[in-house]
Amino acid sequence: MIIVPEAEIAGLMTPEAAFDAVEAIFGAMARKDAYNFPVIREAIGHADALYGFKSGFDRAGGALGLKSGGYWPGNEAKGLTNHQSTVILFDRDTGRPKAMVGGNLLTALRTAAASAVSIKHLARADSKVLGMIGAGHQSAFQMRAALAQRPFEKVIGWNYHPEMLSRLEAVATEAGLPFEAVDLDRLGADADVIISITSSFDAILQDAQVTAGTHVACMGTDTKGKQEVEAALVARATVFTDEIAQSTTIGEAQHAIASGLITEAAITEIGAVINGTHPGRTSAEEVTLFDGTGVGLQDLAVAEAVVDLALKTGVATRVPF
C-alpha cells in the first residue's frame, strides 16, 4: 500500500494540476464515464463534529475510493485545521487498498479548482472585478484559483466578521491587485464574478443585489439546510453544478427546488459545457450560477494525481498490507 502523508502534499500538488484533474473529472461525469456514490454525512454527537464519506468510481481513469473526514469546529484552538480528511484509493481490479493520501490540502485545492473551472467556462471574458463573500481559510485558495482565470483588475470583499478581510487583502496584494472591503449592495453591483465560500444557513446575497451578466460560484453549501444566496437568485440564473443529485438535495439549489421556483431540469452539469454539449453562457446579460457541492470524484482525481507524482519523485512510502 502506498502512503502519501499530508506533509508531502504541498510539494506535489499544484493549483494548476488540481484544476486539470477537476476539469477532466467533471467532463467524465457528464459523459457517464464516472459516477459518485451517495454521500454519508452525520453529526457524531462528539466535539460538535460532522463526519462523513464521499466516494465514487471513474471507469475511464480507473480511480476507485473514498474520502473520509469532516468538520471539527474546535480544531483551530488546537493548532489544527477544522476540516480533516483522508483519501483512500483501491485497486479497481481486485478491490485491495492501493493508497492512503492526506486529504486536507487536497480538499482545499480541489474546491478552489471547481470554482475556477466554472469561471473559465461561464464567466464573461471581459470580467474585471472579483467579489469575495467569506474570508475563512478556504477563501484564499478560492481567490488565487479565480485570479488565474480572468484578467481581474480589482478584488472586493465582504465578511460577517470584517476583521478577517485582511486575509483577502493579503492575497490581492500578493497578486498585485487593489482590494476594497464593501457592503453586499456594492459587491453585487460592482463584481463581474462573485465567489461565496461560507458556512451560512441563511441567504447572504440577495437576488436584487446581483446585476445582469454576473457569474456567481456558490461553494459553501454542501449540507442540507445550508444557504448562501437567496433562492430567487438561483431561479433567475442559469444554473450549473458538479452533480445534479447533490445540487438538489444538499447544494445551493435545494432551497429553490423546495420552494418550487425551479425543477431539476433547470440544472445542468458543468461537464456538459466542458465537453461542448451545452453552450454555457449565451449572452453578456445572462446571470450564471455554479452550485459547487463538492463530489467524491474530485477528491479521487486529485489523489490519483498526487500518488503518481509521489511515486515519480520518490516521496511515497510503501508498506505491506
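This is a predicted model: local features need pLDDT of at least 70, side-chain atom pairs count only at pLDDT 80 or more; totals for chains, interfaces and linings use all residues.
E13 (residues 215–218) and E17 (residues 288–291) are paired in the parallel sense over four bridges. E13 is also joined to E11 by four bridges, and these two strands run parallel. Across this second pairing, Ile194 stands opposite Val216, and Cys218 is the bridge partner of Ser196.

In a regular strand the side chains alternate between the two faces of the sheet. In E13, His215 and Ala217 point one way, whereas Val216 and Cys218 point the other way. All four of these residues are buried.

E11, E13 and E17 belong to an open sheet of eight strands with parallel pairing, in the order E10-E9-E8-E11-E13-E17-E15-E16. Its edge strands are E10 (179–181) and E16 (267–269), each of which pairs on one side only. On average, neighbouring strands of this sheet are turned by 20° against each other, direction ignored. Helix H5 packs on the sheet, where it touches E8, E9 and E10. The direction of H5 makes about 160° with that of E10.

Helix H4 (residues 137–147) is mostly covered, with nine of its eleven residues buried. The buried residues are Gln138, Ser139, Ala140, Phe141, Gln142, Met143, Ala145, Ala146 and Leu147.

Note on methods: Residues are numbered from 1 along each chain as its sequence is written. Side-chain values use heavy atoms; hydrogens and water are left out. Buried means under 20% relative accessible area, exposed over 50%, partly exposed in between (1.4 Å probe, protein chains only). Two strands pair if DSSP finds at least two bridges between them. Axes are lines fitted to C-alpha atoms, for helices over the stretch in contact, and angles run from 0 to 180 degrees between N-to-C directions. Contact means heavy atoms within 4.5 Å.
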